[in-house]
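Open the structure in your viewer and keep the selection tool at hand. Each stop gives you something to select, then says what is there.

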Amino acid sequence: MTDESIAAPTTPSPDELAERLTEVFDLVGPLYRRVHRKVEEAAPTEGLSVGVRAVLDLLRTRGPMTVPHMGRAQALSRQFVQRTVNDAARQGLVESVANPAHRRSPLIRLTDPGREAIGAVRAREHALLRRVDGDLTMPDIDACLRVLGAMHALFEDVDVD
C-alpha cells in the first residue's frame, strides 16, 4: 500500500456535515431510550430510578453540588432534579449539608450507601459495556466524544428551567 492509496480526510461542506450529524441524532435518541429502559429493568433489583442513578453518578464524579448546579449539568429543570434528590434522600443515598457559598442552597453529597449503590450500578454497566462489538479503538471513542461534545456545545444555551 502506498501513501497515494490512503485517502486523506476531507472536510465536509456545512450541508454534508449537517446531514451526517442528523444520522448521529437518529442513533442517539433511540439509544438513550433503550439505555433508559435497561436501567429501569434493573431498578427493582437495585432500587434506583434513572433519575436517581444520574444524580448519584454526577455526585460521584463531581463531588457535592447544589440542586441548581446539578440541573444545569444534566440539562434538567431544577424542580425535576429536586424531586430526584428528594427520592435519593428518602433512600438514604444522599444528604444535604451546609453550603458555605450560599446559605439557602445546600450542597447535596453522597452517603456511604449512595457510594455503594452507584458503585454496584456502574460495575453492572461496565460488565454490560464490555460486550460491545465492532472492533472499536480508543481513537474511535475519542472521535465519538469529540463529535457529541461539539453537538452538545451547539445546544448549551437552551434553557431547561
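Which helix holds both R60 and D57, and how many residues apart are they? Select the two. Both lie in helix 2, residues 50-62, and they are 3 residues apart, about one turn of the helix. Bear in mind that this is a predicted model.

**Stop 1: D57 and its partners**

Show the side chains of R60 and D57. They form a salt bridge, with the closest N and O atoms 2.8 Å apart. Is D57 buried or exposed? D57 is buried, because its relative accessible area is 14% and the cut-off for buried is under 20%. R60 is partly exposed, at 37%.

R122 lies in helix 5 and D57 in helix 2, so the pair ties together parts that are 65 residues apart in sequence. R122 is partly exposed, with a relative accessible area of 34%.

Together with D57, R60 and R122, they are linked in a network of salt bridges. The structure holds 8 salt bridges.

**Stop 2: a pair in helix 4**

Select R90 and D87. Their side chains meet in a salt bridge, 2.2 Å from N to O. Both residues lie in helix 4, 3 residues apart, about one turn of the helix. R90 is exposed, with a relative accessible area of 63%. D87 counts as partly exposed, at 32%.

**Stop 3: two positive phi values**

Most residues other than glycine have a negative phi. Go to A75 and check its backbone. A75 is not a glycine, yet has a positive phi of about 55°. Where does A75 sit? A75 is in the loop between helix 3 (67-74) and helix 4 (78-90). This alanine is partly exposed, with a relative accessible area of 46%.

Move on to D135. Its phi is near 50°, again a positive value in a residue other than glycine. D135 lies in the loop between helix 5 and helix 6. D135 counts as exposed, at 75% relative accessibility.

**Stop 4: a nonpolar patch**

Stay in that loop and select L136, which also lies between helix 5 (112-129) and helix 6. With L136, they make a nonpolar surface patch of about 620 Å². Which helix gives the most to the patch? Helix 6, residues 138-154, does, with 3 residues.

**Stop 5: the second largest pocket**

To find the pocket, select P12, L17, L21, R146, V147 and A150, which line it. Helix 1 (14-46) and helix 6 each supply at least two residues of the lining. Helix 6 gives the most, with 3 residues.

R146 is one of the lining residues, and arginine counts as charged.

Definitions and conventions. Residues are numbered from 1 along each chain as its sequence is written. This is a predicted model: local features need pLDDT of at least 70, side-chain atom pairs count only at pLDDT 80 or more; totals for chains, interfaces and linings use all residues. Side-chain values use heavy atoms; hydrogens and water are left out. Patches are made of residues with over 30% relative accessible area and no salt bridge: like charges are joined within 9 Å, nonpolar side chains (Val, Leu, Ile, Met, Phe, Trp, Tyr) within 5 Å. Accessible areas come from the Shrake-Rupley method with a 1.4 Å probe; for residues, only the protein chains shown count as cover. A salt bridge is a side-chain nitrogen of Lys or Arg within 4 Å of a carboxyl oxygen of Asp or Glu. Helices (H or I, at least four residues) and strands (E, at least two) are DSSP runs, numbered from the N terminus. Buried means under 20% relative accessible area, exposed over 50%, partly exposed in between (1.4 Å probe, protein chains only). On a 1 Å grid over the protein atoms alone, a cavity is a set of points where a 1.4 Å probe fits but cannot get out, and a pocket is an open set with protein on both sides within 12 Å along at least five of seven lines; lining residues have an atom within 4 Å of a point.
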